[in-house]
Amino acid sequence: MLRIAIVEDDSQYQQQLEGFIQQYGQENDLTFQIKIFGDGKEIVEDYQPEYDIILLDIEMPHLNGMDAAGRIRSQDPDVVLMFVTNMSQYAINGYEVGALDFVLKPINYYTFSVRFARAIERAQKRESGQILLNMPDAVRRIDIRQIYYVEVQNRMLHYHTELGEFILRGTMQAAEKELECHHFVRCNHWYLVNLRHVTEIRRDVVVVAGRELEISRRNRTAFLTALTNYVGGNH
């Protein structure tokens with residue numbers, strides 16, 4: 001299931017875009033979870049990297065789509081951004097925030113479906129896969145993107161995730177090997193961090209999903225370099 005956000009202040013366009021997405025899903029046997037925001041200000045407040053595709057109107061009263069996209073991109077390098085606008089001159093500015101495409105108003109379904117298909121293809125390519133967590137009493141399949149960080153305590157691995165905490169026996173070395181290609185990096189001996197969920201760096205502390213984790217002197221250079229490359233899009 002792909003998670004879609006529509007950011008549009010015009011209720012008629014909200015309904016039209018939602019209808020087009022549902023129609024595309026029916027025609028292509030896909031399901032979507034859709035959330036609608038009436039202004040750029042609404043989506044950037046307490047933003048979390050949870051969407052696969054965001055459709056943004058550009059001209060909105062409180063926070064326009066271009067500024068909202070810039071703030072979203074600073075926290076979420078992966079989400080696919082598409083602008084919906086009646087002003088084609090904004091296209092150049094869209095490249096600054098890594099927008100995939102523009103849909104010009106008034107919108108027709110054929111044009112929308114072609115561009116939306118591209119967005120889905122991009123989002124699916126960025127899907128990071130799943131892993132199996134072999135816990136003492138169950139096996140749990142989990143989307144790697146949902147993992148905030150992995151912690152090791154007394155030879156037990158604690159997976160801190162959007163779905164809660166899962167504990168299983170294992171070594172940090174094994175977890176690191178399994179997750180390193182998905183942009184997980186150690187900030188110290190005890191924590192392996194999903195760079196996707198890093199929201200802030202303060203001196204020797206990294207903030208991940210609201211939790212402050214120490215960045216050790218030994219790991220500092222490698223961790224900050226990996227984070228810089230990730231945010232810069234070199235992944």
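1. Let's start with a salt bridge: the side chains of Glu-212 and Arg-202 meet at 2.1 Å, N to O (a salt bridge is a side-chain nitrogen of Lys or Arg within 4 Å of a carboxyl oxygen of Asp or Glu). The pair links distant parts of the chain, with Glu-212 in strand 15 (residues 211-214) and Arg-202 in strand 13 (residues 198-202), 10 residues apart. Helices (H or I, at least four residues) and strands (E, at least two) are DSSP runs, numbered from the N terminus. Glu-212 counts as partly exposed at 47% relative accessibility, and Arg-202 is partly exposed too, at 33%. The scale here is relative accessible area: buried means under 20%, exposed over 50%, partly exposed in between (1.4 Å probe, protein chains only).

2. Before going on, a word on the model. It is a predicted one, where local features need pLDDT of at least 70 and side-chain atom pairs count only at pLDDT 80 or more, while totals for chains, interfaces and linings use all residues. Residues are numbered from 1 along each chain as its sequence is written, and side-chain values use heavy atoms, with hydrogens and water left out.

3. How many salt bridges does a search of the whole structure find? The search gives nine. One of them joins Glu-8 and Lys-105, whose side chains meet at 3.0 Å, N to O. Glu-8 lies in the loop between strand 1 (2-7) and helix 1, and Lys-105 in the loop between strand 5 (101-104) and helix 5, so the pair ties together parts that are 97 residues apart in sequence. Both Glu-8 and Lys-105 are buried. Lys-105 also has its charged end over the ring of Tyr-13, 4.3 Å from the ring's centre (a charge sits over a ring if NZ of Lys or CZ of Arg is within 6 Å of the ring centre and within 35 degrees of the ring normal).

4. Another salt bridge is formed by the side chains of Asp-204 and Arg-220 (3.1 Å, N to O). Here Asp-204 is in the loop between strand 13 and strand 14 (205-208) and Arg-220 in helix 7 (residues 217-231), 16 residues apart. Asp-204 is partly exposed at 42% relative accessibility, and Arg-220 is partly exposed at 29%. Elsewhere, salt bridges link Arg-3, Asp-52, Asp-143 and Arg-145 into a network.

5. Now the aromatic rings. Rings of Phe, Tyr and Trp (its six-membered ring) pair if their centres lie within 6.5 Å; planes under 30 degrees apart count as stacked, over 60 as edge-to-face and the rest as tilted. That rule gives nine aromatic pairs. Phe-20 and Phe-112 have ring centres 5.6 Å apart and planes at 40°, so this pair is tilted. Phe-20 belongs to helix 1 (residues 11-28) and Phe-112 to helix 5 (residues 109-125), 92 residues apart, and both are buried. Phe-37 and Tyr-51 have ring centres 6.2 Å apart and planes at 90°, so they are edge-to-face. Phe-37 sits in strand 2 (residues 32-37) and Tyr-51 in the loop between helix 2 (40-44) and strand 3 (53-57); these two are buried as well. Worth a look too: Phe-20, Tyr-24, Phe-32, Tyr-109, Phe-112 and Phe-116 form one aromatic cluster.

6. What about the sheet order? Five strands make an open sheet in the order 10-9-8-12-11, with antiparallel pairing (two strands pair if DSSP finds at least two bridges between them). Strand 10 (164-169) and strand 11 (184-186) stand at the edges with a single partner strand each, so one side of each has no neighbour in the sheet.

7. Strand 12 (residues 191-194) pairs with strand 11 in the antiparallel sense over three bridges, and a hairpin through four residues joins strand 11 to strand 12. Arg-186 has Leu-192 as its bridge partner, and Phe-184 has Asn-194. Strand 8 (residues 147-153) also pairs with strand 12 over three antiparallel bridges, where Glu-151 stands opposite Tyr-191. Tyr-191 and Val-193 point one way from strand 12, Leu-192 and Asn-194 the other way, and all are buried.

8. Last, Val-84 in strand 4 (residues 80-85). Is Val-84 buried or exposed? At 1% relative accessibility, Val-84 counts as buried. Leaving out residues up to four places away in sequence, Val-84 touches Leu-17, Leu-55, Leu-56, Asp-57, Ile-58, Val-103, Lys-105 and Ile-107 (contact means heavy atoms within 4.5 Å).
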